[in-house]
Amino acid sequence: LFVVPDLLHCKAIRHSFKLDLVDELPQMEKMLRRLDEMIFSYYIRDKAMQLSSIVNHGVLMGGFSWSTTELPKDTQPYVSEALLYMVFTHAEIMDLIAEVGAGEEHHMVKQQPLTKRVFQALAENLAQDMLESIRAIDSFSVGGMLQCILESLFISQTLQVYMTPGAKECFRLLYGYVRSAFERKQERAKKAAVQQGRPPPPQPTDNLREENGVFLSPQHWDIVNKLLRECTRRTQIQFRCFQQSSGPGV
């Protein structure tokens with residue numbers, strides 16, 4: 001499927017085999033493209049289902065309390081598990097490209113943007129899974145909000161090469177939802193304090209600073225950015241394959 005459509009257009013091949021495909025070529029090419037899309041869809045669906053299971057379990061069934069947790073200290077295990085699954089998928093794709101493209105006569109195979117195609121689809125599915133899972137949570141403490149933003153930023157920055165407009169939009173909606181849910185909790189706490197005659201809790205919503213579509217106070221940004229740098233430094237070799245984008249086949 002990588003090379004057949006190109007071979008059909010190769011004059012040397014058509015001359016050697018005395019093929020006259022003027023009439024049949026468009027229909028054959030259309031059929032091969034459709035078959036390619038079908039196989040690609042099945043492959044992505046299988047990988048996306050596994051990623052969805054990792055994210056859903058990690059966010060909703062991992063025993064983490066988003067509404068009461070303290071300030072974050074690291075990303076949760078599901079983040080590394082999801083990204084490592086994508087590392088293994090990357091190795092699988094590169095092995096496939098190496099097998100099919102072995103030998104100079106098949107150099108055209110390496111020009112197929114297969115890895116980019118696969119990982120853009122997976123990154124978009126991962127972002128959608130993150131959004132859907134986070135939307136199932138209705139309350140965030142300060143620590144829960146920062147934990148969610150830390151993990152989402154780490155994932156999006158690690159997969160930055162493969163971030164599509166759709167994936168970016170999912171993360172934008174996620175950040176907005178988390179901020180809104182956090183502020184709703186703050187409002188409920190304020191009303192409860194007034195009703196009980198207690199002083200209202202501090203409202204850390206002043207002087208918000210926007211970065212990458214995320215609104216946080218400067219002190220909260222200091223916490224998130226410090227942890228982001230630590231996580232990136234610690235995993236830069238582990239996830240290095242996502243940064244290697246030199247060449248259309250990668």
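Author: Before we start, a pocket here is an open set of grid points with protein on both sides within 12 Å along at least five of seven lines. Keep in mind that this is a predicted model.

Reader: Okay, what volume does the second largest pocket have?

Author: Rolling a probe the size of a water molecule over the atoms shows where empty space is left. For the second largest pocket, that space comes to a volume of about 240 Å³.

Reader: Which helix gives the largest share of the lining of the second largest pocket?

Author: Two helices, α6 (142-158) and α7 (165-195), each supply at least two residues of that lining. By class, it has four nonpolar, five polar and two charged residues. The largest share is four residues, and they come from α7.

Reader: How far apart are the end C-alpha atoms of α6?

Author: Let's work out what to expect. α6 has 17 residues, so at 1.5 Å a residue it should span 24 Å. The model agrees with that, as the end C-alpha atoms are apart by 24 Å.

Reader: And how many residues of α6 are buried?

Author: Buried means under 20% relative accessible area. By that cut-off α6 is mostly covered, and of its 17 residues the buried ones number 15.

Reader: Is C241 buried or exposed?

Author: The cut-off for buried is under 20% relative accessible area. C170, at 8%, is buried. C241 has 13% relative accessibility, so it counts as buried.

Reader: How many disulfides does the structure hold?

Author: To count, a pair of cysteine sulfur atoms must lie within 2.5 Å. The number of disulfides in the structure is zero.

Notes. Residues numbered from 1 in each chain as written. Predicted model: local features only at pLDDT ≥ 70, side-chain atom pairs only at ≥ 80, totals over all residues. Heavy atoms only, no water. 1 Å grid on protein atoms, 1.4 Å probe; cavity = no way out; pocket = protein on both sides within 12 Å on 5 of 7 lines; lining within 4 Å. Points joined across faces, edges and corners; volume = space filled by probe spheres on them. Nonpolar A, V, L, I, M, F, W, Y, C, P; charged D, E, K, R; others polar. Expected span 1.5 Å × (residues − 1). Buried < 20%, exposed > 50% of the residue type's maximum accessible area, 1.4 Å probe, protein only.
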